[in-house]
Amino acid sequence: MATQRNGVPDAQALSQKGLMMQTGKIAAVVVTYNRKELLCRCLQALHAQNQPELDVLVFDNASTDGTEAAVRQLALPQIFYHNTGRNLGGAGGFSYGIQTAVRAGYEYLWIMDDDTLPEPGALEALLRADASLKGEYGWLSSRALTPEGADQPMNRQRKTPYLDIDGYEQPRVPSVMASFVSLFVRSRTVQRVGLPIAEFFIWSDDWEYTRRISRLLPCFTVSDSRVVHAMQNSTVVNIAADVPARWDRYRYFYRNDVYLYRREGLIGWLWILAKFSWHSAQVLISKSGRRKERLAIIWKGFAAGVRFNPPIHKIEE
């Protein structure tokens with residue numbers, strides 16, 4: 001494994017080991033962990049974009065399900081596999097992957113989870129929007145669908161930090177927050193705003209990163225760039241409604257949400273208190289039991305978020 005910087009492997013050391021060789025100007029940055037079947041579907045969908053300028057960089061958070069062998073068995077061109085050496089979480093994986101791609105010299109980054117399945121022409125639509133805007137934007141986001149073809153509610157972009165966009169009738173919809181389910185950004189933007197916060201580990205790292213960018217530059221959802229988000233767990237992110245096996249990870253969700261919204265000032269604080277109180281009320285009336293445990297996760301997450309001050313790292317030379 002490469003040496004460590006800022007809590008993630010040192011991308012420069014990795015590149016010096018010859019684990020990546022750039023062939024195009026666009027890097028699809030795909031982070032994965034123990035989901036080899038979904039990942040292979042993602043890689044096949046990326047290959048079907050038929051874009052010779054596209055390289056696919058897979059960042060594997062030390063999967064134990066045979067992910068590397070599955071990727072190599074696909075034998076698709078322009079796919080570069082990296083094992084991070086340990087589970088960095090989604091946030092750490094994206095921070096590492098984005099830094100690696102920028103240092104390698106790619107002009108554009110197409111960021112996505114391993115369960116993202118771009119439809120044919122999804123990348124072409126993003127490139128058309130880039131050309132039309134003459135590169136004067138912060139990020140572009142695709143329209144995310146369920147496998148059945150409906151809009152994926154978890155990936156609905158936001159027109160304010162609190163309200164979803166109204167729809168996809170316009171070719172380009174102004175947006176301020178989006179997920180990492182197909183996010184298109186220029187490397188020069190990353191160099192300006194820095195990397196996603198690896199310390200988030202999971203949840204809200206994409207909301208924080210896209211909001212950080214949209215404070216500086218106009219950002220857009222590109223309606224005719226479509227991807228399917230083939231989620232394994234299509235539940236809402238709410239400890240009152242989620243299954244017990246996932247409750248422990250909510251300490252990250254509530255902590256990270258406090259960090260994200262406290263930067264919005266008084267309205268952000270009011271939003272946090274209202275949201276956390278609503279989740280607490282839902283826990284109290286739920287039939288899943290262990291109410292004290294779940295309430296403790298919510299409000300300990302709140303307290304941790306008040307103290308949480310992770311650094312924002314820039315691309316290191």
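Tyr81 lies in strand β5. The model is predicted. In it, Tyr81 has a relative accessibility of 10% and counts as buried, because buried means under 20%. Leu133 is 52 residues away from Tyr81 in sequence. In space, the two C-alpha atoms are 32 Å apart.

### Helix α2 and its surroundings

Strand β5 covers residues 79-83, and the buried residues of helix α2 pack against it. Which residues of α2 are buried? They are Leu38, Leu39, Cys40, Cys42, Leu43, Ala45 and Leu46. Their packing partners also include β3 (26-32), β4 and α3 (67-74). Two further partners are β6 (108-113) and β7 (116-118).

Helix α2 has twelve residues. At 1.5 Å a residue they should span 16 Å, and the end C-alpha atoms are 16 Å apart, so the two values agree.

Most residues other than glycine have a negative phi. Asn34 is partly exposed, with a relative accessible area of 28%.

Lys134 also has a phi near 55°. Lys134 belongs to the loop between α5 (122-132) and β8 (140-145). Lys134 is exposed, with a relative accessible area of 68%.

### The second largest pocket

The second largest pocket holds about 170 Å³ of space. It is lined by 13 residues. Those closest to its centre are Leu46, His47, Gln51, Leu54 and Gln78. Leu46 is also one of the buried residues of α2.

Which element gives the most to this lining? Helix α2 does, with three residues. Both α2 (36-47) and β4 (54-60) supply at least two residues each. By type, the lining has eight nonpolar residues, five polar ones and no charged ones.

### Helix α7, enclosed

Helix α7 runs over residues 205-214. How many of its residues are buried? Ten of the ten are, so α7 is largely enclosed by the rest of the structure. The buried set includes Asp205, Asp206, Glu208, Arg211 and Arg212. Trp207, Tyr209, Thr210, Ile213 and Ser214 are buried too.

What do these residues pack against? Their partners are α4 (89-104), β10 (181-186), α6 (187-193) and α8.

Beyond its neighbours within four places in sequence, Thr210 is in contact with Trp139, Val176, Met177, Ala178 and Leu183.

### Helix α10, with one buried face

Helix α8 is also a partner of helix α10. Helix α10 covers residues 291-307, 17 residues in total. From first C-alpha to last it reaches 25 Å, close to the 24 Å expected at 1.5 Å a residue.

Its buried residues are Arg294, Ile297, Ile298, Gly301, Phe302 and Gly305. Seen down the helix axis, they fall within an arc of 130°, so they line one face of α10. An α-helix has 3.6 residues a turn, so residues three or four places apart point the same way.

The face turned away from the buried side carries the exposed residues Lys292, Lys300 and Arg307. On the buried side, the packing partners of α10 are α8 (250-262) and α9 (266-285).

Gly301 belongs to this helix. Gly301 is buried, with a relative accessible area of 3%. Leaving aside neighbours within four places in sequence, Gly301 is in contact with Arg251, Tyr254, Arg255, Val258 and Ala296. Trp247 is 54 residues away from Gly301 along the chain, with 12 Å between their C-alpha atoms.

### Accessibility side by side

The table gathers the residues discussed one by one.

| Residue | Relative accessible area | Class |
|---|---|---|
| Gly301 | 3% | buried |
| Tyr81 | 10% | buried |
| Asn34 | 28% | partly exposed |
| Lys134 | 68% | exposed |

Conventions. Residues are numbered from 1 along each chain as its sequence is written. This is a predicted model: local features need pLDDT of at least 70, side-chain atom pairs count only at pLDDT 80 or more; totals for chains, interfaces and linings use all residues. Side-chain values use heavy atoms; hydrogens and water are left out. On a 1 Å grid over the protein atoms alone, a cavity is a set of points where a 1.4 Å probe fits but cannot get out, and a pocket is an open set with protein on both sides within 12 Å along at least five of seven lines; lining residues have an atom within 4 Å of a point. Grid points are joined across faces, edges and corners, and a volume is the space filled by probe spheres set on the points. Helices (H or I, at least four residues) and strands (E, at least two) are DSSP runs, numbered from the N terminus. Ala, Val, Leu, Ile, Met, Phe, Trp, Tyr, Cys and Pro count as nonpolar, Asp, Glu, Lys and Arg as charged, and the others, Gly among them, as polar. The expected span of a helix is 1.5 Å times one less than its number of residues. Buried means under 20% relative accessible area, exposed over 50%, partly exposed in between (1.4 Å probe, protein chains only). The arc is that of the directions from the helix axis to the C-beta atoms. Contact means heavy atoms within 4.5 Å.
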